[in-house]
Amino acid sequence: MAEFCSFWKVDNIAVRWGHSAVLYEGRMFVFAGVDGPEFSTEVLLFELDPPSTFAKGPVMPTNQRKPPTARALHTTVLLGAKAVLYGGWSPAKGTALGDLHMWDCEARTWSGAVEAIGPAPLPRWGHSAVLYGQRMVVYGGQSDG
């Protein structure tokens with residue numbers, strides 16, 4: 001059984017809540033969330049290797065596609081080199097979101113909205129999600145209906 005080593009804490013960046021994160025090749029990508037009173041569209045990057053140097057900060061997409069709507073309480077799973085972001089709460093729209101977006105961790109680009117194959121869950125926030133094979137499995141959360 002693998003042993004738990006320790007926690008790492010990053011102190012010198014604004015506190016954020018309601019975000020999601022994925023780990024890809026020693027890099028943690030943090031998506032959206034709430035930074036103070038503002039809901040964010042940012043992608044933050046933390047270089048975890050070596051662990052003593054946390055190079056960090058907002059990632060500027062390498063393409064001109066608009067990022068997803070500012071949100072919090074969404075989920076993100078990693079599928080290969082792509083982070084798949086789903087749902088959340090939008091203060092601008094005042095509603096739960098049911099949109100799906102992909103972030104390419106290598107190219108550092110948003111794909112724009114992606115159509116789900118098969119029936120999609122109701123828009124929701126505060127849910128959890130895992131990747132099972134090639135499917136994002138979404139559980140729980142709050143929807144508007």
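These legends describe close-up views of a predicted model. Local features need pLDDT of at least 70 and side-chain atom pairs 80 or more, while totals for chains, interfaces and linings use all residues. Residues are numbered from 1 along each chain as its sequence is written, and side-chain values use heavy atoms, without hydrogens and water.

**View A. The ring pair of Phe 31 and Trp 103.** The model has five aromatic pairs, counting rings of Phe, Tyr and Trp (its six-membered ring) with centres within 6.5 Å; planes under 30 degrees apart are stacked, over 60 edge-to-face and the rest tilted. The centres of Phe 31 and Trp 103 lie 6.4 Å apart with planes at 75°, so this pair is edge-to-face. Phe 31 belongs to strand S2 (residues 27-31) and Trp 103 to strand S9 (residues 95-104), 72 residues apart; strands are DSSP runs of E, at least two residues, numbered from the N terminus.

**View B. The ring pair of Trp 103 and Trp 110.** Here the centres are 5.1 Å apart and the planes stand at 65°, so this pair is edge-to-face. Trp 103 has a relative accessible area of 0% and Trp 110 one of 4%; both are buried (under 20%; exposed is over 50%, partly exposed in between, with a 1.4 Å probe and protein chains only).

**View C. The ring cluster.** Ring pairs join Phe 29, Phe 31, Trp 103 and Trp 110. Phe 31, like Trp 103, is buried.

Terms used
Helices (H or I, at least four residues) and strands (E, at least two) are DSSP runs, numbered from the N terminus.
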